[in-house]
Amino acid sequence: MQLLGLGKEYEDLAAVYDLTLSVGRGEFMTLLGPSGSGKTTSLLMIAGFVEPTRGQIVLRNRDVTHVPPYKRNVGMVFQNYALFPHMTVEENVAFPLQMRHVVRQDIHTKVNQVLTLVKLEGLNRRYPAQLSGGQQQRVALARALVFQPWLLLMDEPLGALDKQLRELMQLELKHLQQRLGVTVIYVTHDQAEALTMSDRIAVMNHGRIEQIGTPTELYERPANRFVGSFLGESNFFEGTVTAREGTQAVVRTDGGLILRVRSTRLEPGERITVAIRPEKVVLGTPDCVNSFRGLIKEVIYLGDTLKLRI
């Protein structure tokens, strides 16, 4: 699937600017960003529920930019699941097949197959109100998968679940996607969720993509301060390059620290931002290039870790 210069404007508000993105078959691509970054609007344009102001949407070498949603062969799982409360689990899952005029016997077979796939066998006759949040999420997923879509779109589908169930469902969704080989575009603002599930992540901000890459690439080599701050935690130091020493650049921070960073490109006089991940900091008296004394201002207990403000 390809998005080519996709944009959406609402009167004087531009929600998405020049979105260009390629997603491979069987890839799990996540659109990650804060509220208002344009990720859900982008997803709704791909689904066909929002008309783009400009650009193209190409799905399997076919321009579907102005094709209605029901002709795109795209499945979608919404944040609130959007289940029909007056229909049973079986009727909810069967609905997209009925809209496609699949014969009754085939509908029954396909519904049972997909309910087994998402571990809901035996719950065919229950109504959404009789299900837990996790079970409702599985019904919505089954309904999106039952007609074998080319592309599966998911808009923060785990947001309403508690932390433990959400983490369990992240792994289940990823394993199911790998087993089926379905292409997924997933929207979330949860960093851990994106890192856990994605083959690649597109970090969005103010309607634009800031950086695209694998979870490792984005976390270890963020393109700018926004990506470094949004994906994980970082300590940022603004400073000026004062010298070059072989493969290292010497940086004097605005606070007076002298840092040595690996670089063959930085030149004296350049203004830069140095980002240091908290887990890269070693306490004690380490034998390293960048070593400083500090005062512990606060200790925050988080169960499996202690967070120190120094």
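Reply: The account below begins with the pocket and then turns to the cavity and the pairs.

This is a predicted model, in which local features need pLDDT of at least 70 and side-chain atom pairs count only at pLDDT 80 or more, while totals for chains, interfaces and linings use all residues. Residues are numbered from 1 along each chain as its sequence is written, and side-chain values use heavy atoms, with hydrogens and water left out.

The second largest pocket has a volume of about 490 Å³. A pocket here is an open set of points on a 1 Å grid over the protein atoms alone, with protein on both sides within 12 Å along at least five of seven lines; a lining residue has an atom within 4 Å of a point. Its lining comprises 19 residues, and Phe-49, Val-74, Pro-96, Arg-100 and Phe-147 lie nearest the centre. Two or more lining residues come from each of β6 (74-77), α2 (89-99) and α4 (133-145), helices being DSSP runs of H or I with at least four residues and strands runs of E with at least two. By class, 15 of the lining residues are nonpolar, 2 polar and 2 charged.

The structure holds 4 aromatic pairs, counted where ring centres of Phe, Tyr or Trp (its six-membered ring) lie within 6.5 Å; planes under 30 degrees apart are stacked, over 60 edge-to-face, and the rest tilted. Phe-49 and Phe-78 form a tilted pair, 6.1 Å centre to centre with 35° between the planes. This pair links distant parts of the chain, 29 residues apart: Phe-49 lies in the loop between α1 (39-47) and β4 (54-59), and Phe-78 in the loop between β6 and α2.

Helix α2 also holds Glu-90, and Arg-125 lies 35 residues away in the loop between α3 (104-117) and α4.

A cavity is a set of grid points where a 1.4 Å probe fits but cannot get out. Helix α5 gives the largest share of its lining, 4 residues. The lining, which includes Phe-28, Leu-141 and Gln-177, divides into 10 nonpolar, 1 polar and no charged residues.

Terms used
Grid points are joined across faces, edges and corners, and a volume is the space filled by probe spheres set on the points. Ala, Val, Leu, Ile, Met, Phe, Trp, Tyr, Cys and Pro count as nonpolar, Asp, Glu, Lys and Arg as charged, and the others, Gly among them, as polar.
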